[in-house]
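Hi,

Here is the structure I promised to pass on. Have a look at it first, and then read my notes on the side-chain contacts below.

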Amino acid sequence: SCVHTENCFVPTSEIIAVEETDLNKKERNSGKWQKMAKPHAFTVYYVKKARNHRWRCGDVTFWCVDEQLCNQWIQALKELLELQKARPKHLLVYINPYGGKRQGKRIYEQKVAPLFSLASISTDVFITERANHAKDNLFEVNINKYDGVVCVGGDGMFSEVMHGLIGRMQKDSGIDQNNPKASLVQCNIRIGIIPAGSTDCICYSTVGISDPVTSALHIIIGDSQPLDVSSVHHNNTFLKYTVSLLGYGFYGDVLKDSEKKRWMGPRRYDYSGFKTFLSHHCYEGTIYFQPAKHTLGSPRDKDSCRAGCHICRQSEQELAEQHKKSGLKHEEDEEEWKVIKGKFLAINAVTMSCACPRSPKGLSPAAHLADGSSDLILVRKCSRFDFLRYLIRHTNQDDQFDFSFVDVYRVKSFQFTSKLLEDNESDVTDIGKKHFGQFCRDHPACCCSIANSTWNCDGETLNSSAIEVRVHCQLMKLFARGIEENCKEAISNQSGDEQLL
């Protein structure tokens, strides 16, 4: 009943839609239809995988003379699609029209909306007009009528939607976000990211490419990727959530300087990075952390986080077991804490690899998306030349932790207090007071910058120089599947070596 030049195999889970196809006269007279009297046809739209994790919408048309047989096939395939319960039917879409190159609205209307329509997904579209517009709106809408929330923009837009969604969940459950030890309620509503910003690090680290069509197809087929989220507090006051980079020193200074140069566009990061590198400020302080003993991986193994990651799955199970055993006890206070004092050029805590096109491995290549831990990277005071060697290793395949001045720890919580704050005997959190000693009294003329640095929290500045950070395992879910292994099948798809059904 079917003739086609390509052989294809596509799992039902990657079929986008099935539609009856009207064969017009022109097509019928083109040669391939002439032998059939009144052919009937249907088209199957499916995920076509190309290189570098890029997905496209492929289609194949089947035809036969028997109208009843044709309709039976259409009905059978549509019933199969109905069984895909993880697929969204109704989405809430937030578009940032100002982010990145100001292309968010155009990208959504031209590349994404037609695909949602093809897959019979209905949408409510909300175009933001100011900062925190989406976040505020998420506290008001009837969230339960949606199967997911989609943000069209960069990392800043994602952060805003994430803060709105997590905040809304805690509010509805009566949980106080200001309590650093509160067990937060997991978000059961997934977030989809359509990349349209100047930085799309979160999309790149969870899908493997920053491409609107690829991301739209992941949303349509209902992929799900859990994601760890870290909460940042100061003095029992909630500050921010972070899913990628929390950086003090170098990355904080780069962001602070670049904020003044927004008129330069994305080039401002290069300019500010070079300027900050030349200034070579180091900052003195104390870091106090809890090792993540429940995780199977370590920051220096070569086991990267991939789709269906066994390390994330088993680490999450181990963490759940630990919580059961500890019961009502405050296990955090009883478990081992470690303390490190010193002068640092950069203090980075990353909850994911932070990979991007410029740094394909990211800041911590073996960081995991959903293992309930963060990688704490400490870059101690060193020469400019050594620091440059370290930065260059983010762009190549060399081990970026293989330096005497770089330490990396997999942690589930940590605190940091700057030396300046300690000297002023300012308010350090209770646990910290037991352990923070005074130091470096003999070196009043040290290299340390007199001022404090700022924190770069997923691309937004935080000015608090004393913070408490805690990782919440799999607090939220994305419409993604993690980065798939590069397999031969994916590459051969480009040559049309596929099979269908």
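**Salt bridges and aromatic pairs**

Let me start with Arg130, which is partly exposed, with a relative accessible area of 44%. Do keep in mind as you read that this is a predicted model. The partner of Arg130 is Asp136: the two form a salt bridge whose closest N and O atoms are 3.1 Å apart. Asp136 is partly exposed too, at a relative accessible area of 32%.

In one of them, Arg410 pairs with Asp375, with the closest N and O atoms at 2.8 Å. Arg410 sits in strand β14 (residues 406-418) and Asp375 in strand β13 (residues 374-380), so this contact ties together parts that are 35 residues apart in sequence. Both Arg410 and Asp375 are buried.

The other one joins Asp407 to Arg380, and here the closest N and O atoms are 3.1 Å apart. Again the link is between distant parts of the chain, with Asp407 in strand β14 and Arg380 in strand β13, 27 residues apart. Asp407 counts as partly exposed, at 21% relative accessibility, and Arg380 is partly exposed as well, at 26%.

Overall, the count comes to 21 salt bridges. There is also a network of them linking Glu14, Lys49, Asp223, Arg481 and Glu484.

Now for the rings. Searching the whole structure gives 17 aromatic pairs. Take Tyr248 and Tyr283: their ring centres are 5.7 Å apart and their planes stand at 65°, so this pair is edge-to-face. Since Tyr248 belongs to strand β10 (residues 245-249) and Tyr283 to strand β11 (residues 283-291), the pair ties together parts that are 35 residues apart in sequence. Both residues are buried: Tyr248 has a relative accessible area of 2%, and Tyr283 comes in at 6%.

Which geometry do Tyr248 and Trp455 adopt as an aromatic pair? Theirs is tilted, at 4.9 Å centre to centre with 45° between the planes. Trp455 lies in strand β15 (residues 455-457) and Tyr248 in strand β10, so this pair bridges parts that are 207 residues apart in sequence. Trp455 is buried, as is Tyr248.

One more thing to look up in the viewer: Phe250, Tyr251, Phe277, Phe387, Tyr390, Phe403 and Phe405 make up one aromatic cluster.

Cheers

Terms used. Residues are numbered from 1 along each chain as its sequence is written. This is a predicted model: local features need pLDDT of at least 70, side-chain atom pairs count only at pLDDT 80 or more; totals for chains, interfaces and linings use all residues. Side-chain values use heavy atoms; hydrogens and water are left out. Rings of Phe, Tyr and Trp (its six-membered ring) pair if their centres lie within 6.5 Å; planes under 30 degrees apart count as stacked, over 60 as edge-to-face and the rest as tilted. Helices (H or I, at least four residues) and strands (E, at least two) are DSSP runs, numbered from the N terminus. Buried means under 20% relative accessible area, exposed over 50%, partly exposed in between (1.4 Å probe, protein chains only). A salt bridge is a side-chain nitrogen of Lys or Arg within 4 Å of a carboxyl oxygen of Asp or Glu.
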